[in-house]
Amino acid sequence: MTNHRILLRSRPGGIPQPDNFVADSVPIRSPAAEDVLLETIFLSIDPAMRSWMTENPGYQQAVPLGTVMRGGGIARVMESRSEKFQPGELVQARLGWQTHPTLPARYLQKLDLTRGDALAWIGPLGLSGVTAYFGMRDIGAVKPGDRVLVSGAAGGVGQIAAQIARIEACHVTGIAGGPDKCAYLTNELSLDAVIDYKAEPDLSAAIGRSCPDGIDLYFDNVGGPTLDAALLHLRPEARVVLCGRISQVAADPPYGIRNLGNLLTRRARMQGFQVFSYHDRYEEARAWLAARHHENQLRQRLHILEGLHQAPGALGMLFRGENNGKLVIRAGNSDGA
Ligand SMILES: NC(=O)c1ccc[n+]([C@@H]2O[C@H](COP(=O)([O-])OP(=O)(O)OC[C@H]3O[C@@H](n4cnc5c(N)ncnc54)[C@H](OP(=O)(O)O)[C@@H]3O)[C@@H](O)[C@H]2O)c1
């Protein structure tokens with residue numbers, strides 16, 4: 001049998017392009033003692049992958065050229081030489097962009113299917129849900145009655161962050177690009193207000209109309225001019241959560257933030273975070289997210305592309321806003337998963 005793989009061929013200048021990658025096929029590696037042979041079902045496509053492709057990601061190791069592209073996902077056990085895993089079980093792991101990885105059992109985490117199926121685990125219970133949980137609750141210290149603004153609100157992290165604020169009885173405004181994404185936020189996720197930033201000539205004025213009393217908590221996924229506009233509307237003691245700055249990844253020169261003075265005058269706090277530093281508390285987040293998911297309070301639109309061959313083109317979609325929800329590759333058969 002064959003393991004189809006996508007290797008990193010070159011480092012990206014701006015937005016990752018399909019020709020930064022190359023496909024190959026190699027024989028499946030038979031598992032040695034304590035190894036497990038897997039069939040990849042879903043791969044998560046994440047903005048952070050672009051930084052892993054560069055020479056100096058700043059955190060984590062760069063992916064070496066000529067090796068399998070790093071990526072996390074869900075797989076089914078095909079053959080196991082570890083007593084901890086049995087054929088047919090579903091696991092999550094850093095699988096890499098390949099259809100049939102053979103990995104040490106210690107790198108695998110068995111999925112608890114009482115919490116949700118494979119789609120739930122790549123969706124709201126996955127790393128974007130966990131990111132939203134710690135960003136909103138730990139960094140943002142969300143509380144009932146907060147006036148909350150979320151950028152990138154129709155994306156993987158943003159959808160969950162906005163819904164967590166809804167669950168906590170906040171007034172929630174989402175910012176997203178385009179009428180379809182905004183209609184989804186209003187009609188399916190029941191946000192109180194939405195702003196289509198692509199249709200707004202003056203984003204600050206639009207925020208002022210949607211949040212006339214200001215913002216207690218801004219959850220920022222995009223950075224740049226959106227962050228700058230939000231800073232103008234902070235209420236006293238506001239919290240600004242720096243989750244991501246996707247608008248600045250390919251910006252040259254980067255946008256210079258002008259309105260930091262409002263942090264001082266509003267006695268506000270702005271803090272970044274990285275979900276990986278919460279590794280020891282993932283279980284807490286997943287228990288909370290799974291409970292809300294079961295109560296139908298938490299959902300996530302997925303944008304699923306069929307086939308591993310789509311992965312090289314998929315990554316750039318995130319930076320052009322072409323994904324309609326959390327972006328996922330279905331690499332293998334998910335029947336019964
Ligand atoms: N801190 C952490 O530990 C952590 C963990 C995971 C993710 N993140 C960050 O969270 C953010 C969201 O990640 P995700 O995986 O959920 O991706 P996503 O939101 O599903 O996809 C990215 C979205 O960003 C928006 N976007 C792209 N370029 C933009 C621009 N120039 N201005 C405004 N919006 C732009 C697009 O939405 P529109 O169509 O609405 O423009 C696009 O759909 C990213 O910044 C990511 O780096 C951080």
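## Two domains

The C-alpha centres of domain 1 and domain 2 lie 29 Å apart, where domain 1 comprises 2-123 + 301-330 and domain 2 comprises 127-276, with bounds that come from an automatic or database domain assignment. Residues are numbered from 1 along each chain as its sequence is written. The model is predicted, so local features need pLDDT of at least 70 and side-chain atom pairs count only at pLDDT 80 or more, while totals for chains, interfaces and linings use all residues.

## Where the domains meet

In this model, 16 residues of domain 1 are in contact with 15 residues of domain 2, a contact being two C-beta atoms, placed from the backbone, within 7 Å. On the side of domain 1 that touches domain 2, the elements giving two or more residues are α10 (311-319) and β15 (326-330); helices (H or I, at least four residues) and strands (E, at least two) are DSSP runs, numbered from the N terminus.

## The largest nonpolar core

Among the 92 residues of the largest nonpolar core, Ile45 and Ala161 touch the most other members. Because domain 1 and domain 2 both give residues to this core, it lies between them. Such a core is a set of buried Ala, Val, Leu, Ile, Met, Phe, Trp, Tyr and Cys residues joined through C-beta atoms within 7 Å, and buried requires 20 or more other C-beta atoms within 10 Å of the residue's own.

Leaving aside residues up to four places away in sequence, Ile45 touches Ala311, Ala314, Leu315, Leu318, Leu327, Val328 and Ile329.

Conventions:
Buried ≥ 20, exposed ≤ 12 C-beta atoms within 10 Å, placed from the backbone.
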